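Subject: Structure for your review

Dear colleague,

Please find below the structure I wished to hand over to you. I would be grateful if you could read the notes that follow with the coordinates open beside them.

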Amino acid sequence: MTQKFQSIKGFYDILPEATPLWFKLEDTARKILSQYGYNNIRMPVVEPTELFVRSVGEHTDIVEKEMYAWEDALNGDKLTLRPEGTAGCVRAVVEHNLTYNGPQRLWYMGPMFRHENVQKGRQRQFHQIGVEAFGFEGPDVDAEQIVLLARLWQALGIQDVELQINSIGDADERAQYRETLISYFEQHAELLDEDAKRRLHHNPLRILDSKNPRMQAMCEAAPKLMDGLGETSKQHFAQLCALLTQSGIAYTINHRLVRGLDYYNRTVFEWVTTKLGAQGTIAGGGRYDTLVERIGGNPTPACGFGIGLERVFLLMQEYGINAQNQPDIYLVNVGELAEQKAFTMAETLRNMGLSVVLHAGGGSFKSQMKKADRSGARFAAIFGDDEAAADEISLKPMLGQGEQTRVSIEQVPLIVQPA
């Protein structure tokens with residue numbers, strides 16, 4: 001018996017019934033990104049493993065246990081399926097010297113890969129839109145990206161998402177805070193779980209992000225990095241908050257928000273929802289002013305974020321947001337002459353700007369009309385031998401009320417009006 005194959009755990013097919021809502025999400029994002037002057041860039045899904053070790057951080061969960069990494073059997077190169085997009089985008093900016101003529105606003109979209117525990121809103125192949133701005137030092141671009149996301153949620157019809165922000169300062173401020181944090185957690189060693197013990201001396205800030213209920217009170221009472229910020233970092237954050245207030249964007253300062261990647265500094269932010277359970281972060285990002293230099297470029301301030309498209313898709317479904325792939329016309333053809341001319345007729349109507357599904361495979365008039373109804377088309381275009389001989393067509397509205405009308409081919413777009 002021939003083996004029947006199934007997709008790999010955590011890698012899912014997106015079926016035709018779901019793609020119209022995906023198109024709505026993607027097209028809305030494209031439109032808004034264009035409004036803000038961001039240009040599309042497309043990077044490969046495979047990058048050198050060392051790129052992620054150096055940028056994301058050697059002691060992060062991604063590098064330690066989530067990357068799909070291997071050694072190329074042909075030449076021994078160490079390669080990785082990208083677990084996130086920022087590192088590859090920065091690599092492209094450095095490699096092609098994209099900031100030579102000034103700052104750049106870029107965005108990309110595509111699949112990312114992490115070997116994680118599969119659950120609702122968390123897959124091993126998932127999709128992101130990433131947005132990156134290079135060469136902008138002030139908090140105005142931080143605010144711009146947050147406001148851009150607020151505009152996207154509004155355009156999609158998503159409500160009740162909360163903006164959480166924090167400042168994690170610059171490297172020297174974090175280094176000093178790191179020692180304070182290690183000392184604090186060592187005083188509460190009996191409360192630390194295995195993950196926290198593993199992170200204590202490598203990445204103690206990530207302990208603050210723990211979801212372990214037993215550790216929540218301890219983490220909440222931990223010293224705050226904000227209290228140890230220098231004047232420059234404090235001023236940057238204050239200006240960001242002022243710009244958000246000026247723009248009418250509500251926010252919560254979350255002192256435990258640090259993000260899971262090593263390259264962040266100063267501003268970090270997340271948009272979160274309570275409607276998706278544990279996977280409540282639908283977008284997040286912040287500044288990474290040292291990353292370009294870290295992977296071989298000139299010192300370049302930068303800020304960016306990623307949108308988890310599967311989670312936004314689920315949230316759209318929660319709010320009952322729908323989309324359909326709705327053709328303008330389903331072309332029913334019955335009769336010998338009509339069948340001969342139907343193919344050319346469909347092309348003629350498409351040349352007029354209409355989307356047309358041509359019935360194929362024969363069948364009675366009744367069965368074809370049933371398929372026209374199921375197609376979701378706005379009109380059934382009935383093309384029989386009489387219509388074919390006269391170069392006319394009969395239009396029947398499929399949605400709502402309306403009488404069937406026989407018209408010349410030239411009149412069809414006046415009645416149907418391309419969607």
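Predicted model: local features only at pLDDT ≥ 70, side-chain atom pairs only at ≥ 80, totals over all residues.

**Aromatic pairs**

The count of aromatic pairs comes to nine. One of them is formed by W22 and F313, whose rings are stacked, with 5.4 Å from centre to centre and 20° between the planes. This pair links distant parts of the chain, since W22 belongs to helix α1 (residues 19-35) and F313 to helix α11 (residues 309-318), 291 residues apart. Both partners are covered: W22 is buried at a relative accessible area of 6%, and F313 is buried at 9%.

A second pair has another geometry. The ring centres of F134 and Y288 lie 6.2 Å apart and their planes stand at 80°, so this pair is edge-to-face. F134 is in strand β6 (residues 125-134), while Y288 is in the loop between β10 (281-287) and α10 (291-294); the pair therefore ties together parts that are 154 residues apart in sequence. F134 has a relative accessible area of 0% and counts as buried, as does Y288 with 1%. Buried here means under 20% relative accessible area. F134 and Y288 also belong to one aromatic cluster together with Y263 and Y264.

**Helix α11**

The helix that carries F313 is mostly covered, with seven of its 10 residues buried. These are L309, E310, R311, V312, F313, L315 and M316. Against which elements do the buried residues of α11 pack? They pack against α1, β5 (104-113), β6, α5, β10 and β11 (302-308). The partner list thus includes α1, the helix in which W22 sits. After α11 comes G320, which has a positive phi, near 70°.

Q145 is located in helix α5 (residues 139-156), one of the elements against which the buried residues of α11 pack. Is Q145 buried or exposed? Its relative accessibility is 0%, so Q145 counts as buried. Apart from neighbours within four places in sequence, Q145 is in contact with Y38, V131, E132, A133, C303, G304 and F305.

L81 is found in strand β4 (residues 78-81). Setting aside neighbours within four places in sequence, L81 is in contact with V45, V46, Y68, W70 and F113. L81 and P44 are separated by 37 residues in sequence, and their C-alpha atoms are 9.1 Å apart in space.

**Cavity search**

A search of the whole structure finds one cavity of 30 Å³ or more. The largest cavity has a volume of about 50 Å³. Which residues line the largest cavity? The lining is made up of Y177, L208, C219, E220, A222, P223, K224, H255 and R256. Sorted by class, this lining has five nonpolar, one polar and three charged residues.

With kind regards

Technical notes
Residues numbered from 1 in each chain as written. Heavy atoms only, no water. Phe/Tyr/Trp six-rings, centres within 6.5 Å; stacked < 30°, edge-to-face > 60°. Helix = DSSP H or I, 4+ residues; strand = E, 2+ residues; numbered from the N terminus. Buried < 20%, exposed > 50% of the residue type's maximum accessible area, 1.4 Å probe, protein only. 1 Å grid on protein atoms, 1.4 Å probe; cavity = no way out; pocket = protein on both sides within 12 Å on 5 of 7 lines; lining within 4 Å. Points joined across faces, edges and corners; volume = space filled by probe spheres on them. Nonpolar A, V, L, I, M, F, W, Y, C, P; charged D, E, K, R; others polar. Contact = heavy atoms within 4.5 Å.
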